[in-house]
Every structure is written in structure tokens, then in C-alpha cells.
Amino acid sequence: MPFKNYRKLVLPNGIRVVMEPDKNVCSIALGVLIAVGSKYERKEDNGISHFIEHLLFKGTKKRSTSEIAISIDQIGGQIDGGTSREYTHLEIKALSNHLEFVIDLLSDMVFNPRLDIKDIVNEKSVILEEIKMYEDTPDEFIQDMIVNEMWKDYPLGQPIIGTRETVSGFNRERVENFINSKYLPSNIIISCCGNFEIQRFIKLVSKYFNTKKDKREMSKWEIKLKNPLYGVKHIERDLNQVHCCMGFNGLSRVDNDRYVLQIINTILGSSMSSRLFQEVREKQGLVYSIYSYPVLCMETGLFIVYFATTKSNLNKAYNTVLREINNLKTSKISKDELQKAKEHLKGNILLSFEGTKSRMSILGRWELYYGRYFTVKEMTNEIDKITVEDVLRVARRLFKKDKSMTLTLGEAVVKPVV
């Protein structure tokens, strides 16, 4: 049973440590989560969290970039990182006998980055190429754009990767200032899953991560909630398909209805048996790709539907999606459909607990958002309690008439008839 050996401690400097030893595996997965992302960036610094994440891989004061890469390869490990709207993370998975090396390396990367001027110049070029790559990938580009458009002039709407203008303006002083004000012990979570002995792990983490105590809290400005922007927007592009995103009000990651939201997503568009996939693709053959998903943040969220189709089929596909959404909020679903969605969701949750890397990541995020962990029984009980009436109630919360945005990319604009 996952998380049965869960432990948590706080180092004297304020760093939180969550862990789950598992003697049934031969690996360990260690992650460092820093609770800062694009949401906490000022406009002129947009993209700097993602930029710093890149720089952390460019070497430390005692390890070069190539030495980091070679050392990971030599132990057969895997190293990765990422940046979101609300946090930045680094993680390593390796055989358990390399535990001390992994802890040492991650602490070195987080606390002692080299920040060489040449690396900063080179990495700006790399990220500018990354921006171009996203712009040349229409399905990713439009899904980023609808979030940016709906939360325009709002911290969550800033692109995680930044813009050409902001990235071009980064320099060592701005990078150092951002790290010094945001990478504070109280803002860091260490998460570990795998085959390790608790006391030895605590001793090693205390050795490598117990930096000088810093009582400062990260400067965060108040996030004032406001309604997303609504309407229809179009970006003209010469493409073979028209890409379409529909955005609706969502729920926050800590909302009491978050499990109901996942059930709605399951029913509507997250799987091959979902209503959108079956109706728009399987029955009508209008699309190859169609799906839905929630965007979950601490204070708020969005609900997104994406599909791509030919110009001649755009309005038929679009109005079919609208009809399915309208059906979900106006008609009760059957108990059988609800039960199937519950089993699908519970199965996905349990499967996500299969690997040490996945469980490590989940524990880190749980600590960030909830300050605790959840047992499998707690989660499955919450899902089992959901009723047909709950689904109808939350669908009406989400899919309010005239409170949505539609964004198209290509050579056609939608014309709603539903």
C-alpha cells in the first residue's frame, strides 16, 4: 500500500522533508521543489523561473555541466527538471546505493549554481529557440495561448517560458537577485521515495541541505482573483488544420469539489470512452485529436477543451462539443456512467502510485498545496461519495452560459449555433 511508511520532518533551517521508504524496489527518487514559478514573477522578469531552472543544469562551483551529465550516466541514473506556474523542481532517480551522491548533487545544483556569464548568454539563445519551437507546434501553442488570453494581465496568465523581450533582458544580476529572494529554505521541499533507511537519509539530508538558517519568507504579493476574459479570439495561421481551444472557469487545486471536477473531466473528454472522443471522433469522424483537462492552481483554475480539424468541419465539431457540454450541465448522467467514471479515476490514481519517481513527485506537491499526505482509502472514499447530483451541480459551476473563451488557430473562425 503506497504511503504507509510516510514520514515528514522540518530541518532547523526551515526546509520541509517528506519521504516514503519502500524496501520492495531497488531505486530511490529524490526531488527538490522550490515554491516559485511564473505566478510570482514581475512582468519584466517573466520567464526567469524557467530560465534559472535551465541554469541549474549548467554547472556548479565544483562541477561543470559535462561532469553533472557524465556522473549521472555513470550511475545509470536519470535527472530532470521543470517549471510550472507555481513551482520549480529538480529530480534524480537512481539505484539506492547512490543515495548520498544524489543528495549531494541536488544540493550542489540548488545552492551553488555557477551562473557563468557565458552560460547565461548561451541559455538565453537556447530558450529563444525553445519559444520558436512552441510557436511552430500549434497544439501546444494554442493551449498556452488560451491560458494567457483568459488570464491576461493577471500573474497566472504569464507564459511560463517568458517572452522574447523578457528573456533577452535577463542578466546575471537579475538572476542572482531572483534566486536570493526566492530560493529560501522556507520555500523548499525535499521529497524522496524508494529503498532507503530513514535514519541514514535524515542524516544525509541534514548534512547537505541544512544550510545557514534564514528566517526570511519569500516576498509574495497578494493574488487578487478576477474573472477570466471571455469571448472569441482568432489567430491567423497557414496550417492544414484549424486548432481550437475552449476555456471555461475552473476550480482551484484545493476546492472541495476537485474530485467531482476530475469525474466531469473523465466523462467529458479525458479518455477514449469519453463523450467527446466517442461523439466527435468515433461517430462523426471530425477530428483525430480531442480531449479536455483542468488547469489547477492554488487560488483558481480553468477547464480546457482542445481539438483540431479541417476548416470545413470546424463549426460542426465546435457545435458538437458545445452540445455535449450543454447536455452535461442540463441532464443528469446515469448511475452506470458515473460508476464507470469513478472506477476509471480510481484506477488512474492507483496506477500513478506504481513508480518511485511518481510517488516522490506526488508527495512534494501534496506538501506544497495541502501540507499533508492522503491515504488511498481517503481518496477512494471521496470519489465513491460523489453522486449524480454532484456532477450536475459542479458542471453548472463550470460551464456557465456566455462565460467562456474560444480561441482558434488557423484559417477559420467558429460560429456558434447551439
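**Figure 1. Strand 6 as a covered strand of the predicted model.** Strand 6, residues 188-194, is mostly covered, with seven of its seven residues buried in this predicted model.

**Figure 2. Pairing of strand 6 with strands 2 and 3.** Strand 2, residues 16-21, runs parallel to strand 6 and is joined to it by six bridges. Within this pairing, Pro-21 stands opposite Gly-194 of strand 6. Strand 3, residues 27-34, pairs with strand 6 in the antiparallel sense over seven bridges. Here Ala-29 has Cys-193 of strand 6 as its bridge partner.

Figure 3. The strands follow the order 7-11-8-10-9 in an open sheet, and their pairing is mixed. Strand 7 (231-236) and strand 9 (290-296) stand at the edges with a single partner strand each, so one side of each has no neighbour in the sheet. From one strand to the next, the twist averages 15°.

**Figure 4. Strand 8 and its two antiparallel pairings.** Strand 8, residues 242-249, is mostly covered, and eight of its eight residues are buried. Eight bridges pair strand 8 with strand 10 (residues 301-309) in the antiparallel sense; in strand 10, Tyr-306 is the bridge partner of Cys-245. Strand 8 also runs antiparallel to strand 11 (residues 404-410), to which six bridges join it. In strand 11, Met-405 is the bridge partner of Gly-247.

**Figure 5. The parallel pairing of strands 7 and 11.** Strand 7 runs parallel to strand 11, and six bridges join the two. Gly-231 stands opposite Met-405 in strand 11. Met-405 is also the bridge partner of Gly-247.

**Figure 6. The largest pocket and its lining.** The volume of the largest pocket is about 1,600 Å³. Its lining comprises 49 residues, and those nearest the centre of the pocket are Arg-85, Arg-253, Pro-294, Val-295 and Leu-296. Among the elements that each supply at least two lining residues are helix 4 (117-135), helix 9 (258-268), helix 12 (335-352) and strand 9. Helix 5 gives the most to the lining, with seven residues. By class, the lining of the largest pocket holds 24 nonpolar, 14 polar and eleven charged residues.

Terms used:
Residues are numbered from 1 along each chain as its sequence is written. This is a predicted model: local features need pLDDT of at least 70, side-chain atom pairs count only at pLDDT 80 or more; totals for chains, interfaces and linings use all residues. Side-chain values use heavy atoms; hydrogens and water are left out. Buried means under 20% relative accessible area, exposed over 50%, partly exposed in between (1.4 Å probe, protein chains only). Helices (H or I, at least four residues) and strands (E, at least two) are DSSP runs, numbered from the N terminus. Two strands pair if DSSP finds at least two bridges between them. Axes are lines fitted to C-alpha atoms, for helices over the stretch in contact, and angles run from 0 to 180 degrees between N-to-C directions. On a 1 Å grid over the protein atoms alone, a cavity is a set of points where a 1.4 Å probe fits but cannot get out, and a pocket is an open set with protein on both sides within 12 Å along at least five of seven lines; lining residues have an atom within 4 Å of a point. Grid points are joined across faces, edges and corners, and a volume is the space filled by probe spheres set on the points. Ala, Val, Leu, Ile, Met, Phe, Trp, Tyr, Cys and Pro count as nonpolar, Asp, Glu, Lys and Arg as charged, and the others, Gly among them, as polar.
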